[in-house]
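Hello,

Here is the structure I promised to pass on. My notes follow below it, so please have it open while you read.

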Amino acid sequence: PKRLILFNPDPGLLALRGWPVESYRELGDRLLAEDSNLYVGIIGLERSSRYFDLIVQDSPHPDRFINLCGTMETLHDLLGLLDIASTLITNDSGPAHLAPLVGLPSVVFFGPETPNRYKPLGHTTTSLYAGLACSPCFSAQNHRRSVCQNNRCLQAISVDEALVATQAAFAEGDATRAV
């Protein structure tokens, strides 16, 4: 059976929330090299297609990436997609908080905000957070405004860390969905 992992690389209106797109690309290539039955779907709004283009560019597996940006017309559509996926890899965003509703294991990148306060509810989420001294720099108290211009807090999260977390999420998802 084919397996689908979802990437949500678009940080939305708060660019500092974004794990580097180059890291998403490397993670995708490494996952696809390990598992010939795996496909990576890139989700987001229609404008998020630029992330798909950057991730697929120069990939040795371009035919195993699927551009799903802008294809979910309703929340019901997105929940249906999350329900059939194996894992979600995402910046701190809406889909991170929806994944637990369908029991989807997810890996969520935190930096400008802390998982201690904003981690999605449920037991299926793995938060990756470097915990630099300057982080968190976003909060409700400062209206999510920061003087930071370079999100070292997310750049500090390595692809190796994300790969280990993703492999563990796969294993958890396989065990949960086999029941």
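How many helices and strands are there in the protein chain? There are seven helices and six strands, where helices (H or I, at least four residues) and strands (E, at least two) are DSSP runs, numbered from the N terminus. Along the sequence they follow the pattern β-α-β-α-β-α-β-α-β-α-β-α-α.

Before the details, a word on the source. This is a predicted model, in which local features need pLDDT of at least 70 and side-chain atom pairs count only at pLDDT 80 or more, while totals for chains, interfaces and linings use all residues. Residues are numbered from 1 along each chain as its sequence is written, and side-chain values use heavy atoms, with hydrogens and water left out.

First, the chain as a whole. Of its 179 residues, 50% are buried; buried means under 20% relative accessible area, exposed over 50%, and partly exposed in between (1.4 Å probe, protein chains only). The chain exposes about 8900 Å², and carbon and sulfur atoms supply 55% of that area (Shrake-Rupley method with a 1.4 Å probe; for residues, only the protein chains shown count as cover). Among contacts (heavy atoms within 4.5 Å) between residues at least 6 apart in sequence, 64% join residues at least 24 apart.

Strand β1 (residues 3-8) runs parallel to β4 and is joined to it by four bridges; two strands pair if DSSP finds at least two bridges between them. In this pairing, Leu6 stands opposite Leu88. Strand β5 (residues 106-110) also pairs with β4 in the parallel sense, over four bridges, and Val107 in β5 is the bridge partner of Ile89.

Next comes helix α3 (residues 75-84), where Leu78, Leu81 and Leu82 are buried. Seen down the helix axis, the buried residues of α3 fall within an arc of 100°, so they line one face of the helix; the arc is that of the directions from the helix axis to the C-beta atoms. His76 and Ile84, on the other side of α3, are exposed.

Now the aromatic rings. A search of the whole structure finds four aromatic pairs (rings of Phe, Tyr and Trp, its six-membered ring, with centres within 6.5 Å; planes under 30 degrees apart count as stacked, over 60 as edge-to-face and the rest as tilted). Trp19 and Tyr24 have ring centres 5.1 Å apart and planes at 75°, so this pair is edge-to-face. Tyr24 and Phe109 are edge-to-face too, because their centres lie 5.9 Å apart and their planes meet at 85°. Since Tyr24 lies in helix α1 (residues 21-34) and Phe109 in strand β5, their pair ties together parts that are 85 residues apart in sequence. Tyr24 is buried at a relative accessible area of 0%, and Phe109 is buried at 1%. Phe7, Trp19, Tyr24 and Phe109 form one aromatic cluster.

Most residues other than glycine have a negative phi. Asp58 is exposed, with a relative accessible area of 71%.

Best wishes
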